[in-house]
Structures are given as C-alpha cells and as structure tokens.
Amino acid sequence: RPKIEEKDKEGKNNIFGYDLFSGSPTTFAQSTNIPVPSSYIIGAGDELIFQFFGSKNQKKSSFVSRTGEVVVPFLGPLNVNGFTLDEAKNYISAQVKENLLGSEVYVTLGEVKSIQVYVLGEAYLPGAYKVSSLATVYNILYVSGGVSEIGSVRNIQIIRNGKVIRTFDLYDLLLLGDTSKDLPIRAGDSVFIPVIKKTAKVNGFKRNYIFELKDNDTFKTLIDFAGGMKNVDTKGYYSLELDRFNKTTLQRERKLYTDLSSFQDTLVQDGDMLSLQKTVSDTVGSIELKGEVVYP
C-alpha cells in the first residue's frame, strides 16, 4: 500500500494504527523455521515424517491425502484428519507398538499445507488469500494491507463457521506490545473489519493522532492513548480545550479546563477534539462566558 506522506508522519489527520500497514508486503513468505504448536490441526497437504527405531530402522515421509489418510510405512493408511499434532503422534505411535513388535516411531511435521482464508469488510485489499496454515490473524492483516481509512482497528472480528469467535484490538499490540491474543487462522476463516464508529482527535500531546474509541472510553483513556501531555510547565500551568459538537444546538462548542481531574472520567463523544495549551500566567481559577458569543 502507498506509504504515508511525509506531512502526515506526526499524525494530524491519520487514525492511529493505520500506519502500521503502510509498508505491508504483497505476498506472505512462509517461514519454515518457526515452531509448530502441539495444537496444530492436521489436514490434507501436511507432510508427516516417520523415523522408526528397534526392529525397523527407516526414515520415510508421507503427505496427508484429501481424504485425511496418511500412509505409514509397514502399516498402511491411517486416518488422521482433524487430529492435533500431539493426537496424531500418539495415535500413530500406539498403532506401531501394537502392530510392529519391537519397533517404535518418532513422528514429526515436515511441510505444512496451504489454506484459504477471507479478508472482508473495510479491508485495504479485501478478498480470498492462500496462506500457510501456520499463519496468524496478524499475518493475514499484514499481507492484506490492513484496514481501509474507514475501517476499525479496535473491533476486528474472526468469524469461524458463521460465528464470531474473537475480536481483536490492535491498540493492545501497538500501545502495550501484547501479542498474546493473536490467533492461528484456520481454513475457511473470515477476518471481518467493520466500519469505524467513534473517533476523537488530540493536539499538543506526545502522539497527535485521531484515535478510535469504544463506548466506555473516557478522556483519561484518550490521553493515555496519546502518550500523555508534553510541554507542560513544571508548576502545572496548562489548559485543556475541548471542542465538541452539541447535538441539541447542532453547533460546536469549546470549553476550557485547567484541571484534568475535573473531567478525566467523562466519556468521550464521537468527533471530540482535545488540545493541550500552555497557560501564559499562573492565574488560578476560571470564568464562564455565556450568551450570544461565537465560542461560549
């Protein structure tokens, strides 16, 4: 996808999280060196390698057929379709011990199958993708270019067999470095990206972006997303200006705060703009201006 223009690198009109995919590749390079989890599901196209010990000493490999069977040397075909890697190992090992007296087998996974998954909704490049069966949700998002400019980065849904099995919030990855919620993808899964619903903009903070917010997010959450305040006087002389659309008057209104604690637990509304400004003096207190003025 096109790289973010130089003028937008400081955020400004970018939704935070969008630039994660600015350098996305056009293909997914399958890694052959990553460890395979014991919960990996065996299916057609996977290669199993058999190393026999004891009365039989031989190393051979066989691919799982479309019917889910793998040909085990000296035994013949065994159905392992849908087994986890651990289950397949235990099952084949038990069959060898039962039918080949004095022999044992060590089973490992060789080449892995390719699967087809779908990236739908407000994706940058929606469609069907053929990827390694070791791919995860983050891999799929990356190779597909991520979300479009109206797509949500905090409500990415994984749909399996018609049901949403998990939702992903990319802010967990971007702000906390948390990859624990990443999920191995399965054949036929859909990664669905809904339209973004609620955003707020900040200015004068460490991260000046437009942030996606959830229904229960407060201004404290928004400021945490923005990395906290910067350029604040050591004595604490600053002001926060909130520009908000009033749904009753259908006009934008501005309010000035000199104390964050007075509104940090207030829920953020869609379209809010929060600006941090240095106060020119150490005057304590404030006045409220009402009536027919441009900015009450």
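**Note on aromatic packing and nonpolar cores**

1. Tyr257 counts as buried because its relative accessibility is 19%; buried denotes under 20% relative accessible area, exposed over 50% and partly exposed in between, with a 1.4 Å probe and protein chains only. Phe263 is likewise buried, at a relative accessible area of 3%. The model is predicted: local features require pLDDT of at least 70 and side-chain atom pairs count only at pLDDT 80 or more, whereas totals for chains, interfaces and linings use all residues. Residues are numbered from 1 along each chain as its sequence is written, and side-chain values use heavy atoms, with hydrogens and water left out.

2. Overall, the protein has 15 strands and four helices (DSSP runs numbered from the N terminus: helices are H or I with at least four residues, strands E with at least two). Of its 296 residues, 41% are buried. The accessible surface is about 17,100 Å², and carbon and sulfur atoms account for 50% of that area (Shrake-Rupley method, 1.4 Å probe; for residues, only the protein chains shown count as cover).

3. Twelve aromatic pairs are present in the structure (rings of Phe, Tyr and Trp, the last by its six-membered ring, with centres within 6.5 Å; planes under 30 degrees apart are stacked, over 60 edge-to-face and the rest tilted). Tyr209 and Phe211 form an edge-to-face pair, since their ring centres are 6.3 Å apart and their planes lie at 70 degrees. Both Tyr209 and Phe211 are buried. By contrast, the pair Tyr257 and Phe263 is stacked, because the centres are 4.3 Å apart and the planes at 20 degrees.

4. Tyr209 and Phe211 also belong to an aromatic cluster with Phe16, Tyr171 and Phe225. Elsewhere, Lys56 places its charged end over the ring of Phe74, at 4.9 Å from the ring centre (the criterion is NZ of Lys or CZ of Arg within 6 Å of the centre and within 35 degrees of the ring normal).

5. The largest nonpolar core comprises 45 residues, and Leu141, Phe211, Leu222, Leu240 and Leu274 have the most contacts inside it (a core is a set of buried Ala, Val, Leu, Ile, Met, Phe, Trp, Tyr and Cys residues joined through side-chain atoms within 4.5 Å). Helix H2 (residues 137-143) supplies the largest share of this core, five residues. A second, separate core has 20 residues, including Leu48, Ile92, Val105 and Leu134.

6. Leaving aside residues up to four places away in sequence, the residues that Leu274 touches include Phe205, Phe219, Leu222, Leu240 and Phe263 (contact means heavy atoms within 4.5 Å). Across the protein, 57% of contacts between residues at least 6 apart in sequence join residues at least 24 apart.
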